Amino acid sequence: MEFRSVGNRADLVSLARTGYAGVRLSGHHVMPSMPDRDLVAHIAMLRDARGVGLRVLWSGECGDLDVRCLQHLDPPRRPDGTFVWSSRADAQLLARRGPTVISVDDTRLGPRRRIVIDRSTPEANVLEAVDWRRKITTMERAGIHSLTLDGLAFSSGDYCVGLAVRQGIWCV
């Protein structure tokens, strides 16, 4: 399937509900040469596919992009068939949403760490954004730095996506 034929998380949910276990993206995706908007949308698609239980098979190159924060997402295959990064089964980044906080469990770099983010902050706006191709706001720009330091966001130019896999809302 073409990357641009999947417009948002709802499209992925529809695929998962019809019984698909995954999708295969056509073409070879060279991430450093992608426009900022498309690059961030691509990462968002990988995140949301994982969040609805779909695997993504794709071919691509990461160049000098720091991919350590992407270990919980499906890696691209190089032309020789090897993966660009190791997808570890125990590497997870999960978000649980409560009425006032987002709790993120991160096991990508070893022992589990929990990060709690107030839902009224710009950081929460970034983690909860569902539009893959929207520009970040001036208020969100300040929060992105702390999310990036924690490995919870991927940004390029005026675009950013929270990396925590979406898990829905839990009751308290």
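I started with the β-α-β unit: β1, helix α2 (residues 36-51) and β2 form one, and its hand is right-handed. The model is predicted, so I read everything below as computed.

I then checked how the two strands pair. Strand β1 (residues 22-30) and β2 run parallel and are joined by six bridges. I looked up G22 and found R55 as its bridge partner in β2.

Which side chains of β2 are buried? I went along residues 55-61 and saw the side chains alternate. V56, W58 and G60 point to one face and are buried.

Next I turned to charge. I noted 14 salt bridges in the structure.

I looked up R96 and D105: they form a salt bridge, with the closest N and O atoms 2.6 Å apart. R96 is partly exposed at 32% relative accessible area. D105 is buried at 8%.

I took D150 and R113 next. Their closest N and O atoms are 3.6 Å apart, and the pair forms a salt bridge. This one links distant parts of the chain: D150 sits in the loop between α4 (138-149) and β6 (153-156), R113 in strand β5 (residues 113-118), 37 residues apart. D150 is partly exposed at 29% relative accessibility. R113 is partly exposed too, at 31%.

My last pair was E128 and R119, a salt bridge with the closest N and O atoms 2.5 Å apart. E128 is partly exposed at 23%, and R119 is partly exposed at 24%. I also logged a network: salt bridges with shared partners join R96, D105, R112 and R114.

Terms used:
Residues are numbered from 1 along each chain as its sequence is written. This is a predicted model: local features need pLDDT of at least 70, side-chain atom pairs count only at pLDDT 80 or more; totals for chains, interfaces and linings use all residues. Side-chain values use heavy atoms; hydrogens and water are left out. Buried means under 20% relative accessible area, exposed over 50%, partly exposed in between (1.4 Å probe, protein chains only). Helices (H or I, at least four residues) and strands (E, at least two) are DSSP runs, numbered from the N terminus. Two strands pair if DSSP finds at least two bridges between them. A crossover is right-handed if, with the strands pointing away from the viewer, the path from the first strand over the helix to the second runs clockwise. A salt bridge is a side-chain nitrogen of Lys or Arg within 4 Å of a carboxyl oxygen of Asp or Glu.
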